[in-house]
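Welcome! Open your viewer, get your selection tool ready, and let's take a walk through this model together.

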Amino acid sequence: MKLFKSSTSEQQLESLRSQKCEVKCEAEHVVPKPGCARVDPCRVEGPQDTQKISQKIIEGKTPTPTEVINYFNAELKKRICFLDGGMGTRIQAEKLEEPDYRGDRFKDFNEKDANGVPVSLKGNNDLLIFTKPDMVKDIHKEYFAAGSDICETNTFNGTSVSQGEYKMQAIVHEMNKVGAELAKKAAAEVTKEEPHKPRFVAGAVGPTSRTLSVSPSVEDPSFRNVTWDELVAAYKEQVSGLVDGGVDMLMIETVFDTQNCKAAIFAVDEYFRETKKEKLPVMLSATIVDNSGRTLSGQTIEAFYVSVKHCNPFTVGINCALGAAQMKGFYKKLADMNTGWCHVYPNAGLPNAMGGHDEDPEIFSTNILDYAKDGLLNFVGGCCGTFPSHIAAVCKKVEKCPVRKLPELPKYPTMMLSGLEPCSVTDETGFQWVGERCNLMGSAKFKKLVDAYKWDEAMEVCIAQCEKKADILDFNFDSDLIDGQTAMSKFMKLCVTEPTVAKLPFMIDSSKWHVVEEGLKCVQGKCIVNSISLKPGEEEFIKHADLCMRYGAAVVVMAFDEKGQAATYEDKVRICQRSYRVLREKLDFPPEDIIFDCNVLTIATGLPEHNSYALDFINAVAEIKRTCPCVSFSGGLSNLSFSFRGLNSLRDAMHTVFLHHAVPKGLNMSIVNPGGLPRYEDIEAKTRKLAEEVILNKSDDGTLPVKDGQSQRVSCSVFLYLP
């Protein structure tokens, strides 16, 4: 007799998602301790001392980050604020030649590239900071005079990675410092003329010419020509120069690979932690490559936002790529989900056949007006092909339009994850399948392929998980036969280049922290780390949680403490509530990014103390959900039925029955083999009844009968009919 009828992956997932959570949380949020709260710069309220700020700028000083934030938070309630235009195309209009880029300082420069060809400096616009400083300053001044509140420094390629292509990496810190000082001088001159409207400088941090998410090699999709650590070091050096030069904020811009952007975010955070200086406001700006609305590395604009929002940016927006008319739909999607300020600075239309841009100031400003009339703008400017005249036209055109208002924040935010596309984990979206087959402990086939370094065949296992409707993919490479860190790096780099796989969020799973961190350095989307716990002590727990937050990852917290694993209902609740308090009080960890694994333990072992394990898990989930706002829950189902290894149909039936009772209590994700679980209603009635008795601990002795002609009690939890 079959224990259940077969069903498709779609039917199984639909059945699980038809079950809605019955437990509601109305508890108040745990408040971070003094000095531990993360600041939302868009909602800081304080005095707007325009006169004091202007005087500082005129004197060549830098307002404090708090003063800058207070100023713009007040202004943005009253009016749209303005960025500058396209620095690169404005410089191109000067028709400079090689001697202009060399100047006196570099006239004898004679470096050669890897092929022995003399390096040309023409086109290295950042060098003009040294060789044409008055021209650079005057261009900044033109944009300020046209109405820009903020101008970016001429440091788009101001990293050692980019300058290394010109053999100029040795002058990067000086380049950024001097570039900032030139823009500050321009700001001072215009602010002196118009002290009622102070002018500010954003340090431009470009994407570099290299990418962490895309291979430059056709033969090897896992190859990269730059590492995360190299990019972080390069960005940190650039930030140091910009801060030393006095910038008021940082603009990480023209992001075509979100992982590069995350490296820049990490570098900014590291710099300010190490220097203990007050952190500058950070502006993030993505660029989409065509009308698909995706970045070069494949993310939608929504997925980009989810991947970077962990840094509490002052603004998030879109620049370059398309003209304003083509960009509006994608920008609106961003504006609709962005909880902070938004910006947009498009090109002056799509490039024409000659590489120029056809939109004059009137056409460009009319297209921007279309945004402004709909109340979509906070900051607006221009990118390639936009000159001071374009900015002046925009300022005039949108002068009387309403400014975009900050959205109201929900009291109970929900988890957002991302791969190439966003993934919302809410009561409405329902249960999430975490595919287990790319875990060396979850698939013998996958383990065999990885141990043999058969990466292409291992990828087929991964793709099959996607085709079976996995929502999230779990990756674990803990093995005695391979180097887990190397394997994690190799396979993650392969996965992010395979669109079918890369569209889903990843769960980076390892008991070794350096392996987890290696995975986080390779994936542009917002991942889940599986897992951390209080087992090694509170200090280590906080350290790992803090790093998860800095990498922009959600985290699975296991119900372990210094004394060991939580087995009883009381211990599960106690340890998880303590973990929650530590994360919230000491780190202000986003509560919606906390996932508790309350330990699914084996039942029906014949030992009485194990009889309530399943019910304790279910009840603990309900209590923790009720008392810890916004959290999610996960669990590995295979432990539940470990007493019946080899009886796979029986185990699948038990897992479905367990989920049928756990999901309404709050369990909203589980590590499973997608497509391998029957629907609850398809399980044979007597099997279902008996499985429920053992899972809900209604059996007298925690066991159920097995029939083989004679009925007897054994350590088994289903009614088996043997031939």
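How far apart do the end C-alpha atoms of residues 69–398 lie? Select that span: its end C-alpha atoms lie 23 Å apart, and the span is 43% helix and 12% strand. In an unreviewed entry, UniProt lists these residues as "domain: Hcy-binding"; such annotations may be inferred rather than shown by experiment.

A word on what you are viewing: this is a predicted model, where local features need pLDDT of at least 70, side-chain atom pairs count only at pLDDT 80 or more, and totals for chains, interfaces and linings use all residues. Residues are numbered from 1 along each chain as its sequence is written, and side-chain values use heavy atoms, leaving out hydrogens and water.

**Next stop: a sheet**

Show the strands (DSSP runs of E, at least two residues; helices are runs of H or I, at least four). In the order β19-β18-β15-β14-β13-β12-β11-β20, 8 strands form an open sheet with parallel pairing (two strands pair if DSSP finds at least two bridges between them). Its edge strands are β19 (632–634) and β20 (669–672).

Zoom in on β15 (residues 554–558) and β18 (residues 594–597), which are joined by 4 bridges. Here valine 556 stands opposite isoleucine 595 in β18.

**Last stop: two helices**

Select α23 (residues 613–627) and α24 (residues 648–662): their axes come within 10 Å and cross at roughly 30° (axes are lines fitted to C-alpha atoms over the stretch in contact; angles run from 0 to 180 degrees between N-to-C directions). Therefore α23 is roughly parallel to α24, a label for angles under 35 degrees. Finally, show the contact (heavy atoms within 4.5 Å): Ala614, Phe617 and Ile618 of α23 meet Phe658, His661 and Ala662 of α24.

Note on methods:
Angles under 35 degrees count as roughly parallel, over 145 as roughly antiparallel, 65 to 115 as roughly perpendicular and the rest as oblique.
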